[in-house]
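These are my notebook entries on a structure that was new to me. I set down what I looked up, topic by topic.

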Amino acid sequence: MSDTPFGFGLPPEEPEDGDEGKKKDQQSGGGQGPANPFGFGGLPGAGGFGGPGADNPLAAMFGSLNPNDLGAAFQQLGQMLSYEGGPVNWDMAKQIARQTVSQGAPDGTKDASVGPAERRAVEDAVRLADLWLDDATSLPSGSASAVAWSRAEWVEATLPAWQELVDPVAERVGAAMGDVLPEEMQAMAGPLIGMMRSMGGAMFGTQIGQAVGVLAGEVVGSTDIGLPLGPAGKAALLPANVEAFGKDLGVPQEEVRLYLALREAAHQRLFAHVPWLRSHLFGAVDGYARGIKVDTAKLEDVVGQFDPQNPEQLQDALQQGMFQPEDTPEQKAALARLETALALVEGWVDAVVHAAAKPRLSSADALRETLRRRRATGGPAEQTFATLIGLELRPRRLRDASRLWASLTDARGVDGRDGLWAHPDMLPTATDLDDPDGFVHREHMDFSELDKMLGEAAGGSQDKPDLHKRDESDSKGDDTE
């Protein structure tokens, strides 16, 4: 992650007018390094406005800024402090994510618009993937369309989902930033609390924006982390990242693209035809996040030493992690529920895709193992989210879940396996992952039959009078005796 102090020294975007833009940028003093707080140029006293030791107070405060940059810096600072929205400044998050994307991925690849040939290749791969999956699962296609995204388009499409994931934790931090002040001070510190919450929103917005921007350089589709981040019904691949992913694997790009299309299309089928699954996953994330407690001692220390001229203190504290899970049975249950849900989703996709790809792709085994390891280790952006919200979105028991789904296929067939998604109570639990054979051969109640029985009981008006008559005769018999 960049050490940029939460959004104040943003990395410069590529000038739209090429070399001319770079010349203008050099002449205007732009392009400051990200270590400068507020993006204000040199350190105090470093020169500018008359050079070192100048009497001009702006020189001591802002270094070598020219008036145009100074105005832009104050405008940015004003926008941050005047923010009155939710716990995360998502406008800032979007801006920084886009700027992070514009700098290129760690491997040096730059973002670019997707061309017609790449779009057709993605559409063809998803179409073929859906045909292959028809033999491997009873769930029908969930991809109403196939799209090829640039990294910037991935950022735009997935930010609403990130907002749903991050806001619960950010709300707790926003409240904690006001609660750390003594009660007798809170009544008098309204403007200060408001400023701190604005700073907190900017801090979170910057960190989330940077993480999303970095993640945009790593992901290959819209479901890489096991959650549906994109719009429903859109199977999406990022051609630039697909190419980078397969670069050193020794596998033809067509096979890499097709295998990744199989995974994306399988996720889409699951989320489209298991209507409760999305809310179940996001609810599990929310339930875990709301059980996280803020380290108020660390936050009190940061607030007590807060220096407006040293705003990176807040970012440093956030990066070090201020969140600790509650050590309660409820929180442990929430974590187990979330980890199991992620493992079941990823394990099902892994098993189904392998069944579809193994007979058709010579590289299926190698690609499967590569993706398993990739999901197990995660990247720097996933580690950042773990720091920010105290949660790693990884299926820790992916291999166990995949073996269980494969065993279910052998024992009950494709329909019997996929039928377990009909109701959340029918799914395996964390304990079942420890004993897959016991789960596979256990009898499970058919909830559709139960619903049918309950419906018939509710609508069977002729049965109810008979029951009453029997009760009346029984009571008469009792009276006689």
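Entry 1, salt bridges. I take a salt bridge to be a side-chain nitrogen of Lys or Arg within 4 Å of a carboxyl oxygen of Asp or Glu. The model I am reading is a predicted one. I looked up the total and found 19 salt bridges in the structure.

I then turned to the pair of Asp350 and Arg368, whose closest N and O atoms are 2.8 Å apart. The two residues belong to distant parts of the chain, with Asp350 in helix α14 (residues 329–357) and Arg368 in helix α15, 18 residues apart.

Which residue meets Glu369 in a salt bridge? I found that Glu369 pairs with Arg399, at 2.7 Å from N to O. This pair, too, links distant parts of the chain: Glu369 lies in helix α15 and Arg399 in helix α17 (residues 398–418), 30 residues apart. Both side chains are partly exposed, Arg399 with a relative accessible area of 35% and Glu369 at 24% relative accessibility.

I looked up Arg397 and found a salt bridge with Asp434, the closest N and O atoms being 2.6 Å apart. Arg397 sits in the loop between α16 (380–389) and α17, and Asp434 in helix α18 (residues 430–434), so this bridge ties together parts that are 37 residues apart in sequence. Arg397 is partly exposed, with a relative accessible area of 26%, whereas Asp434 counts as exposed at 56%. Through shared partners, salt bridges join Arg397, Asp400, Arg403 and Asp434 into one network.

I noted three aromatic pairs in the structure. How are the rings of Trp405 and Trp421 arranged? Their centres are 5.3 Å apart and their planes stand at 15°, so I record the pair as stacked. Trp405 comes from helix α17 and Trp421 from the loop between α17 and α18, 16 residues apart, and the pair thus joins distant parts of the chain. Trp405 is buried, with a relative accessible area of 0%, and Trp421 is counted as buried at 3%. I also found that Trp276, Trp348, Trp405 and Trp421 form one aromatic cluster.

I counted four cavities of 30 Å³ or more. The largest cavity holds about 90 Å³ of space. Its lining includes Val220, Thr223, Asp224, Leu237 and Leu260. Arg263, Glu264, His267, Leu371, Arg374 and Arg375 are also among the lining residues. By class, the lining divides into four nonpolar, two polar and five charged residues. Which helix gives the most to this lining? The answer is α10, with four residues. Helices α10 (253–273) and α15 (364–377) each supply at least two residues of the lining.

Methods. Residues numbered from 1 in each chain as written. Predicted model: local features only at pLDDT ≥ 70, side-chain atom pairs only at ≥ 80, totals over all residues. Heavy atoms only, no water. 1 Å grid on protein atoms, 1.4 Å probe; cavity = no way out; pocket = protein on both sides within 12 Å on 5 of 7 lines; lining within 4 Å. Points joined across faces, edges and corners; volume = space filled by probe spheres on them. Nonpolar A, V, L, I, M, F, W, Y, C, P; charged D, E, K, R; others polar. Buried < 20%, exposed > 50% of the residue type's maximum accessible area, 1.4 Å probe, protein only. Phe/Tyr/Trp six-rings, centres within 6.5 Å; stacked < 30°, edge-to-face > 60°.
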